[in-house]
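Trainee: I would like to learn how to read the features of a protein model, step by step. Could you take me through one?

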Amino acid sequence: MLELHNVVRHFGGIKAVDGIDLTVQSGEIVGLIGPNGSGKSTIVNLIAGLYRPTSGRVVYLQEDITELAPHERTSRGIARTFQNIRLFSALSVWQNLWAARVVRESGWAGLRQRWFAPESKGREQAEAMLEFCGLQHKRDMLAGNLAFGEQRRLELARAAISGAPLLLLDEPAAGMNAEEIDDLDQRIRTLRAQGRTILLIEHHMELVMGVSDRVVVLNFGRKIAQGMPHEVQQDPQVQAAYLGADEDDELAQLALQA
């Protein structure tokens, strides 16, 4: 479904991403991990179109999308969440969901017409997503007034309601407590069961190791390991990247399993 071919992104003299090859198959959950500054979010921004590669290609559903603008990639079926929540804080919960679905279907030009339509498939989908994110009882509350964990759930639902087959989740567990992370785990699994493909960028190791089919590990902009979660946890390069090559192996494994 998604392929990165020798993708490079430089910021001045800094090689944020340095020759990355990455494949995500349809129906997979692929975890992308690495220490801070390893290039994870840069890769998300390259896939979503916020950055253009210095060199290399991004291919989605066998189409080269390297030069496409972000909205063109969205229209082709790529949706994302952000590390820093970017809801429409002055709109209600329901309006956030409705706007995300309508813009994907017909663009901003069709927003007003669809908004005032009496009944539509879009409204039904918005109701279903309210149930998915557990915010039916807060449908009319301004998004900016939700609790932090609720905002995280709404952002996930807003990406999902776009109908995009590929979801890029950029640290969706950031700032969540243990109970909220367990809940997020189940929602991600539900999305995959509905046929979504997910690239999950995350620092919370228990979540990413538990939910991912495969894990790719970055360090200093390069891919240093990939494989099934248990294989990655045992990789000496991964353990060294997280705790340093001179640290005790058992301690490194505990850090990756925490």
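**Reading helix, sheet and rings**

Mentor: Nine of the nine residues of α1 are buried, so α1 is largely enclosed by the rest of the structure; here buried means under 20% relative accessible area, exposed over 50%, and partly exposed in between, with a 1.4 Å probe and protein chains only. Please keep in mind that this is a predicted model, in which local features need pLDDT of at least 70 and side-chain atom pairs count only at pLDDT 80 or more, while totals for chains, interfaces and linings use all residues. Residues are numbered from 1 along each chain as its sequence is written, and side-chain values use heavy atoms, with hydrogens and water left out.

Trainee: How should I read a sheet, and in which order do the strands of the open sheet lie?

Mentor: Two strands pair if DSSP finds at least two bridges between them. In this model four strands make an open sheet in the order β2-β1-β4-β5, with antiparallel pairing. Its edge strands are β2 (14-24) and β5 (63-64), each of which pairs on one side only. Between β1 and β4, which run antiparallel, there are five bridges, and valine 8 has serine 55 in β4 as its bridge partner. Helix α1 packs on this sheet and touches β1, β2 and β4 (contact means heavy atoms within 4.5 Å). The direction of α1 makes about 115 degrees with that of β1, where axes are lines fitted to C-alpha atoms, for helices over the stretch in contact, and angles run from 0 to 180 degrees between N-to-C directions.

Trainee: Which way do the side chains of β3 point, and are they buried or exposed?

Mentor: In a regular strand the side chains alternate between the two faces of the sheet. In β3, Ile29, Gly31 and Ile33 point one way and Val30 and Leu32 the other, and all are buried. Since five of the five residues of β3 (residues 29-33) are buried, the strand is largely enclosed by the rest of the structure. Strand β3 pairs in the parallel sense with β8 (residues 197-201) over four bridges, and glycine 31 stands opposite leucine 200 in β8. Four bridges also join β3 to β9 (residues 214-219), and these two run parallel, with valine 30 opposite arginine 214 in β9.

Trainee: How many aromatic pairs does a search of the whole structure find?

Mentor: Rings of Phe, Tyr and Trp (its six-membered ring) pair if their centres lie within 6.5 Å, and planes under 30 degrees apart count as stacked, over 60 as edge-to-face and the rest as tilted. The search of the whole structure finds two such pairs. Phenylalanine 11 and tyrosine 51 are edge-to-face, at 5.2 Å centre to centre and 75 degrees between the planes. Phenylalanine 11 lies in strand β1 (residues 2-11) and tyrosine 51 in the loop between α1 (40-48) and β4 (55-60), so this pair ties together parts that are 40 residues apart in sequence. Phenylalanine 11 is partly exposed, with a relative accessible area of 31%, and tyrosine 51 is also partly exposed, at 28%. The rings of tryptophan 94 and tryptophan 98 are stacked, because their centres are 5.6 Å apart and their planes at 10 degrees. Both tryptophan 94 and tryptophan 98 lie in helix α3 (residues 93-106), four residues apart, about one turn of the helix, and both are buried.
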